[in-house]
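Here's a quick briefing to read alongside the model. Have the viewer open and follow the topics in turn.

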Amino acid sequence: MPSVSDESFRTLRLHHPRHFEFESVREVPDSHAWPGLHDHPSVEPSGPDSVPVVDLASPDAVLLVGRACEEWGAFQVTGHGISSDLLDRLEYQIRRLFSLPTHQKLKAARSPGNISGYGLAPISSFFSKFMWSEGFTITGSPLEHARKLWPKDSGGFCDVMEEYKEVMKELAGRLMHLMLLSLGLTEEDISWAGPVRDSGDLSAVLQLNSYPACPEPDRAMGLAAHTDSSLLTVLYQSSTSGLQVLRPDPARWVTVPPLPGALVVNVGDLSHILSNGQFRTVLHRAVVNRTRHRLSAAYICGPPAHVGVSPVDKLVGPGQGPAYRAVTWPEYLSLKRKLFNNALASIKLSKEEWEDCSN
């Protein structure tokens, strides 16, 4: 994959990106052409190559969620209780946002040192080629940036985003609790399990994504392969396919098809750490379509900022040690910004290190 190693250049690139009208080009320019796009074969979902689908209303939900986290690191959920009306309104507002002229969207561009607003995917800074996508990040209230986009009509967008964040927060807490239960854990095992269960103290970012139709989809990348820095990410995707997860032995990209009313759940790096490696953190990417515009909304959920996440003692077997050292979400995000997909390996403990920690 084309990459960029100089940190100062990455920072400059992220906050002073090249923007152009995707719809106006008839071929992929060299600036957006990815030579390593076909590193592994892509397969359509079928049989064992189908991402699990879990009905949260099932009496076996704990078992099914746990199995999906361990075997895949990703699954789709139904029976989540979020209305189709809200999902329709969410997609309408995302489409409304990205349909604005580029010069209007740039009025709400991210500023240096701020992750909120319009711009390229945050991971763009690690690559020498641009991705075939644009994004809008919401932390806290969307009102400030929305007023820059729609000075006289920002209320509809803000109302839907706030409503969606509220139901997502509740769902993320519910999912996290199911994941903990599948590991045989209780509130006593994790000091913040109680808040996770009722979602009161979870932190979150809402990332809106646009992947315009691409005249040469075999040469462009929507979103480069990465793992999420979160505990979990809940993804809404429009009816156009694009999300792929990497499966091992042999390595292959498996498409996660949009299912009506379903949401995708990705296990993040922090849940992999918490479970002492039992949960798989999933490498995933987004590819683009020749004729269809794809939209998505990622609710990226983490622990309270002050909480150090480390392997739970109960999950560390006799004669073994924790696979990773403790890390807070802000600290891990900082590592990810510097090391990208090598961040997890940087906090892995060797046998000598965990023996020193236990003495």
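Proline 250 sits in the loop between strand S9 (243-247) and strand S10 (252-255); helices (H or I, at least four residues) and strands (E, at least two) are DSSP runs, numbered from the N terminus. This is a predicted model, so local features need pLDDT of at least 70 and side-chain atom pairs count only at pLDDT 80 or more, while totals for chains, interfaces and linings use all residues. Residues are numbered from 1 along each chain as its sequence is written, and side-chain values use heavy atoms, with hydrogens and water left out.

- Proline 250 is joined to aspartate 249 by a cis peptide bond, with omega at about -5°.
- Aspartate 249, also in the loop between S9 and S10, has a positive phi of about 50° although it isn't a glycine.
- Aspartate 249 counts as exposed because its relative accessibility is 76% (buried means under 20% relative accessible area, exposed over 50%, partly exposed in between, with a 1.4 Å probe and protein chains only).
- Phenylalanine 340 has a positive phi too, near 55°, and its place is the loop between helix H9 (329-339) and helix H10 (343-346).
- Phenylalanine 340 counts as buried, because its relative accessibility is 11%.
- For background, most residues other than glycine have a negative phi, and most peptide bonds are trans.

**Overall layout**

- There are 11 helices and 15 strands in the protein.
- The protein has 359 residues, and 53% of them count as buried.
- Take the contacts (heavy atoms within 4.5 Å) between residues at least 6 apart in sequence: 78% join residues at least 24 apart.

**Nonpolar cores**

- A nonpolar core here is a set of buried Ala, Val, Leu, Ile, Met, Phe, Trp, Tyr and Cys residues joined through side-chain atoms within 4.5 Å.
- The largest one holds 68 residues, and Phe136, Phe157, Leu208 and Leu263 have the most contacts inside it.
- Helix H6 (residues 155-182) is the top contributor to this core, giving 13 residues.
- Phenylalanine 157 is in contact with residues including Arg96, Phe136, Trp150 and Leu208, leaving aside neighbours within four places in sequence.
- A second, separate core has 20 residues, among them Trp34, Met131, Cys214 and Phe340.

**Lysine 165**

- Lysine 165 is part of helix H6 and counts as buried, because its relative accessibility is 15%.
- A polar atom of the lysine 165 side chain lies 2.4 Å from the backbone oxygen of glycine 140.
- Not counting residues up to four places away in sequence, lysine 165 touches Ile138, Gly140, Ser141, Leu206 and Tyr299.

**Second largest cavity**

- Rolling a probe the size of a water molecule over the atoms shows where empty space is left.
- On a 1 Å grid over the protein atoms alone, a cavity is a set of points where a 1.4 Å probe fits but cannot get out, and lining residues have an atom within 4 Å of a point.
- Two cavities of 30 Å³ or more turn up in a search of the whole structure.
- The second largest cavity contains about 40 Å³ of space, where a volume is the space filled by probe spheres set on grid points joined across faces, edges and corners.
- Its lining includes Leu120, Ser133, Glu134, Tyr211 and Leu223.
- Strand S5 (134-138) and strand S6 (203-211) each supply at least two lining residues, and S6 has the largest share, with three.

Notes. 1 Å grid on protein atoms, 1.4 Å probe; cavity = no way out; pocket = protein on both sides within 12 Å on 5 of 7 lines; lining within 4 Å. Polar contact = N/O pair within 3.5 Å; in protein donor to acceptor, adjacent residues only side chain to side chain.
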